[in-house]
Amino acid sequence: MTNKQKRMLTDEYMAMLQVRICDMMQRYEKEGNPKDAMILDCMLRDYEAKQRLMMQNEKLKEVQSPFPPSAW
């Protein structure tokens, strides 16, 4: 996967982020390192922000139409 593909908000990319978050959560639960908690918090905030962007993009796609407005 190239860097450009990693940056695109695809379902595959979001699934990869979920796996990373789950791995970090397990690591934090196992080791209890406060640094892991901080990293996990940042990962979750990043993931949620990307989800909001994806929802905004979907709403824009629904609103935008390939047809120009009618002049009736």
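Biologist: Leaving aside neighbours within four places in sequence, which residues is Asp36 in contact with?

Modeller: Contact means heavy atoms within 4.5 Å. By that rule, Asp36 touches Met24, Arg27, Tyr28 and Glu31. A word on the source: this is a predicted model, where local features need pLDDT of at least 70, side-chain atom pairs count only at pLDDT 80 or more, and totals for chains, interfaces and linings use all residues. Residues are numbered from 1 along each chain as its sequence is written, and side-chain values use heavy atoms, with hydrogens and water left out.

Biologist: Is Asp36 buried or exposed?

Modeller: Buried means under 20% relative accessible area, exposed means over 50%, and partly exposed lies in between (1.4 Å probe, protein chains only). Asp36 has a relative accessible area of 1%, so Asp36 is buried. Lys50 counts as buried too, at 16% relative accessibility. Of the protein's 72 residues, 12% are buried.

Biologist: What does Lys50 contact, beyond its neighbours within four places in sequence?

Modeller: Its partners are Leu9, Tyr13, Met14 and Leu17.

Biologist: At what angle do H2 and H3 cross?

Modeller: Axes are lines fitted to C-alpha atoms, for helices over the stretch in contact, and angles run from 0 to 180 degrees between N-to-C directions. Helix H2 covers residues 11-31 and helix H3 residues 34-63; their axes come within 10 Å and cross at roughly 160°. Angles over 145 degrees count as roughly antiparallel. H2 and H3 are therefore roughly antiparallel to each other. The contact includes Met14, Leu17, Ile21 and Met24 of H2, with Ile39, Leu40, Met43 and Leu44 among those of H3.

Biologist: What is the handedness of the H2 and H3 crossing?

Modeller: A crossing is left-handed if the near helix is turned anticlockwise from the far one by less than a right angle, and right-handed if clockwise. H2 passes H3 in a left-handed crossing.

Biologist: How many disulfides does a search of the whole structure find?

Modeller: A disulfide is a pair of cysteine sulfur atoms within 2.5 Å. The search finds zero. Cys22 is partly exposed, at 42% relative accessible area. Cys42 is partly exposed, at 47%.

Conventions: Helices (H or I, at least four residues) and strands (E, at least two) are DSSP runs, numbered from the N terminus. Angles under 35 degrees count as roughly parallel, over 145 as roughly antiparallel, 65 to 115 as roughly perpendicular and the rest as oblique.
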